[in-house]
Amino acid sequence: MRGSQRSNSFSLISLLVLGVLAVTSASCSAQAPSSLSPASPNAAAISNLFYIIFGIAVAVFVIVESLLLYSVIRFQRKSDDEMPKQVHGNVKLEIAWTLAPALVLAVVFGITFQTINSLAEFPKDSLKIKVTGHQWWWQVEYPDLGIVTANEIHLPLDQAASFTVESKDVIHSFWVPELGGKIDMIPGKKNQTWFRPFKLGTFHGQCAEFCGMAHANMRFTVIVERADQFNAWVGKQQVAAAAPQTDLAKRGQQEFLQGACVACHTVSGTNAKGTIGPDLTHIASRQTFAGSTMEMNTDNLRAWLQDPQTIKPGNLMPNLKLSADQINALIAYLEALK
Ligand code: CUA
């Protein structure tokens, strides 16, 4: 009877463990950015640290569980009237199980401290970028290049980029798992981090500090490209906004400049100078919009202008109740802002 109870609770625990493992591993889909596939020495240092500490944790688990299982089996009561040997205390054992964890923790502290230290040293020649967190999007500035953009950071391959981050409203956290560790963005305080990407490609960033309703939709994109591609991008971003060419786009510009859009958005070279929402000077050159949650295309722009709140609930852009005509004109204008 007792035996079957024991095996029942054992299989219940196994099921629970399997369930937790299934749920946690399901959340790591192939597309999800992972700090375990590093694309910079900074992220590599963090992922190495993870593997070392994970290895130590596995060793501790195996040793402790083996001792536990051994004791459970070895010292099991053989019959109902058997009395176990009565003992009190064991100095050697007690010293051992106090010292061993202290030693393990000292090692973990040492290697963690060494990794933090190695990442705290900022490189001398780095591309300077200022990122400001807003509910729920990212303003990106290259102060030395005179560029302001949003939700998209272009970086040249193999060059160090240093980031000064802060926030306009509440605390956010700047995180690109494949490129570096998290850094808090705090209103009124400038924090700094840096990384040097060694892989070409598009990497996903995510706000890592709960900051309100659209926290999960506060994403951004980092595009690491060859130096010539990066320079071409810089050249395009440095010129003022393109003037609309078609009649529809011209009408769109009028809608934009005379409507509510200018209260929140900037388009360089026009009288749109709002700073509540993202700078739209070169919006059509971006791959995504709405905090990097929407791919940049006509259908998505239309859906967004029709009702931004169903697409990204809680965001600060109200439904302007635009007519289909106004939306078509605005899209033509926005798509001309290359
Ligand atoms: Cu910003 Cu979470």
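I began at N151, which lies in the loop between β3 (147-150) and β4. The model is predicted, and I kept that in mind throughout. I looked up the backbone of N151 and found phi near 60°, a positive value in a residue other than glycine. Most residues other than glycine have a negative phi. Is N151 buried or exposed? N151 has a relative accessible area of 4%, so I noted it as buried.

I then looked for another positive phi. D158 has one, about 60°, and D158 is not a glycine either. I found D158 in the loop between β4 and β5 (161-167). The relative accessibility of D158 is 49%, so I wrote it down as partly exposed. The cut-off matters here, because exposed means over 50%.

**Entry: strand β4**

Next came the strand itself. How many residues of β4 (residues 152-156) are buried? Five of the five are, so the strand is largely enclosed by the rest of the structure. I checked the two faces of β4 in turn. E152, H154 and P156 are buried on one side. I153 and L155 are buried on the other. I also looked for a partner strand. β4 pairs with β10 (residues 219-225) in the parallel sense, over five bridges. I picked out H154, whose bridge partner in β10 is I223.

**Entry: a cis peptide bond**

I checked the peptide bonds. The bond from Q135 to W136 is cis, with omega near 0°. Most peptide bonds are trans, so I marked this one. W136 sits in the loop between β1 (127-134) and β2 (137-142).

**Entry: H172**

I went on to H172, in strand β6 (residues 172-174). The relative accessibility of H172 is 0%, so H172 counts as buried. What does its side chain meet in a polar contact? I found the side chain of D169, at 2.8 Å. I then listed contacts of H172, leaving out residues up to four places away in sequence. Among them are G133, H134 and Q135. The list also includes S167, I183, D184 and M185. C207, E209, C211 and M218 are on it too.

**Entry: aromatic rings**

I searched the whole structure for aromatic pairs and got 14. I took F50 and Y51 as one example. Their ring centres are 5.6 Å apart and their planes stand at 70°, so I noted the pair as edge-to-face. F50 is partly exposed, at 39% relative accessible area. Y51 is partly exposed as well, at 45%.

My other example was F109 with F113. Here the centres are 5.8 Å apart and the planes are at 20°, so the pair is stacked. Both residues belong to helix α3 (residues 91-120), and being four residues apart they are separated by about one helical turn. An α-helix has 3.6 residues a turn, so residues three or four places apart point the same way. F109 is exposed, with a relative accessible area of 58%. F113 is partly exposed, at 48%.

Which residues do ring pairs link into a cluster? I wrote down W138, F163, F174, F195 and F220. I also looked at W175. The charged end of K182 sits over its ring, 4.5 Å from the centre.

**Entry: F75**

I stopped at F75, in the loop between α2 (41-74) and α3. F75 has 57% relative accessibility, so it counts as exposed. How far apart are F75 and Q258? In sequence they are 183 residues apart. In space I read 84 Å, C-alpha to C-alpha.

**Entry: helix α6**

My last stop was helix α6 (residues 298-306), where the buried residues are L301, W304 and L305. They cover an arc of only 95° around the axis, which puts them on the same side of α6. What covers them? I found that the cover includes β11 (288-289), α7 (308-311) and α8 (324-336). I also checked the start of α6. A side-chain oxygen of N297 reaches to within 3.2 Å of the backbone nitrogen of D299 there.

Methods:
Residues numbered from 1 in each chain as written. Predicted model: local features only at pLDDT ≥ 70, side-chain atom pairs only at ≥ 80, totals over all residues. Heavy atoms only, no water. Buried < 20%, exposed > 50% of the residue type's maximum accessible area, 1.4 Å probe, protein only. Arc of directions from axis to C-beta. Contact = heavy atoms within 4.5 Å. Polar contact = N/O pair within 3.5 Å; in protein donor to acceptor, adjacent residues only side chain to side chain. Phe/Tyr/Trp six-rings, centres within 6.5 Å; stacked < 30°, edge-to-face > 60°. Lys NZ or Arg CZ within 6 Å of the ring centre and 35° of its normal. Pairing = 2+ DSSP bridges.
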